[in-house]
Amino acid sequence: MYYPIQIPYILSKNFAKSVKYTEETVPHLQDFVICFWEMLPISEQMTNANNVIIADGCIDLVVDYSEMKIGFCGMSKTVFTDEFNSPSYHYGARLKPGAFHVITGKPATEAMDIFLPIENFDRTFDISSFFELPFNEAKAFFKNYIGSLIKDKIPDRFISLFDTFSNDIPANVSEIYQILHYSPKQCQRLFYKHIGLSPQMSLCVIRFQKCLEIITSGKASPNDVLDILNFHDQSHFIKDFKRNIGLTPLELVRKYKS
C-alpha cells in the first residue's frame, strides 16, 4: 500500500526543536485516508518554525487550529519554506491520491497547489462552532466528519493507482498508458481530474517516495536504490532526489541515523 513519507523533523532543524509531528492510521477509513497527522508545539515559547512538505501526490484536509482555518490542499512539488510561528496547532487527514475527487466531486486541480476553504465544498460546515470546540474535541469531531464524508463512497480505479504502481513501478509514462488502456490525451485529462498531477509527475512522485521508503527503512543503501528502481544514471538519480528533498541520498541517510 502506498504510504508517503513526510519527515519535517529530519529536514528542518527549527521544526525539530519546536514542533512534535505524529501520524496515526485508522484501518476502517484506509480506503480513502492514508493517515491523520498533527503538529503540536513542544513548548509555549514563541519561535519561528519551518515545515518542509515533501511532494506525495496527496490532497489533505488541513486544520490550522490557531488561525481558525480549515480546507483542502496538496502540493505538486516539495515546499521547502512553509514558515509559521509556534506555538501553533495543526492537524489534518492525508487523503489517498484520487480520494479528493471521489469525496468532493471536484477536479483535483482545484486543491493542488491551492488552498480550498471547506466552505467552498461544504456550505453547511459551521466553522465558528468548530473552532469554539476545545482542541481535542475538535479533533474528534474532525475524524467523525471525515467518516461522514466517505460514508457510502466507493473507491474508483484512480484511488488504487498509487498503491498498484508503488508495488510495481512503471518504467515510463508510455507503460502507464498501456496499463490503463487510455490514449496519452485521455490519460493526461483523467490524471489532472482525479489526482491533480500529470501522469509524468505522478510517476516521478511514486518513484521518489519509493526511494525515501527504501532509504529511511535502513534495509538498503542509496546505491541499492539504483538497482531496485532500475535507475541507470546515478548522477541523474542524485540530482532528481536532491531536487525533491534538498539533500542527496547519502546526506539523508546520515541525517536519519544521527
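This is a predicted model: local features need pLDDT of at least 70, side-chain atom pairs count only at pLDDT 80 or more; totals for chains, interfaces and linings use all residues.

**The pocket and its surroundings**

The lining residues of the largest pocket divide into 14 nonpolar, four polar and eight charged.

Residues are numbered from 1 along each chain as its sequence is written, and side-chain values use heavy atoms, with hydrogens and water left out.

Back to the pocket. The lining has 26 residues, and W37, I53, V62, M75 and D82 lie nearest the centre. Two or more lining residues come from each of β2 (33-41), β3 (47-53), β4 (59-64), β5 (69-74), β6 (79-86) and β7 (90-95). β5 gives the most, with four residues. The space in the largest pocket is about 650 Å³.

Now the terms. On a 1 Å grid over the protein atoms alone, a pocket is an open set of points where a 1.4 Å probe fits, with protein on both sides within 12 Å along at least five of seven lines; lining residues have an atom within 4 Å of a point. Grid points are joined across faces, edges and corners, and the volume is the space filled by probe spheres set on the points. Helices (H or I, at least four residues) and strands (E, at least two) are DSSP runs, numbered from the N terminus.

Is G74 buried or exposed? G74 counts as buried, because its relative accessibility is 3%; buried means under 20% relative accessible area, exposed over 50%, and partly exposed in between, with a 1.4 Å probe and protein chains only. Beyond its neighbours within four places in sequence, G74 is in contact (heavy atoms within 4.5 Å) with C58, I59, A111, M112, D113 and I114.

Next, the aromatic rings. Rings of Phe, Tyr and Trp (its six-membered ring) pair if their centres lie within 6.5 Å; planes under 30 degrees apart count as stacked, over 60 as edge-to-face and the rest as tilted. The count by this rule is 18 aromatic pairs. Y65 and F131 form a tilted pair, because their ring centres are 6.0 Å apart and their planes stand at 50 degrees. Y65 is in the loop between β4 and β5, while F131 is in helix α4 (residues 127-132), 66 residues apart. Both Y65 and F131 are buried.

F125 and F141 are an edge-to-face pair, because their planes are at 70 degrees, with centres 6.2 Å apart. F125 is buried at a relative accessible area of 9%, whereas F141, at 38%, counts as partly exposed. K143 lies over the face of F36, 5.4 Å from the ring centre; the rule asks for NZ of Lys or CZ of Arg within 6 Å of the ring centre and within 35 degrees of the ring normal.

Last, two single residues. K96, in the loop between β7 and α3 (99-104), is buried, with a relative accessible area of 8%. Leaving out residues up to four places away in sequence, K96 touches Q30, D31, F32, V33, I34, I159 and D163. N244 sits in helix α11 (residues 234-245) and is buried at 10% relative accessible area.

Key:
Ala, Val, Leu, Ile, Met, Phe, Trp, Tyr, Cys and Pro count as nonpolar, Asp, Glu, Lys and Arg as charged, and the others, Gly among them, as polar.
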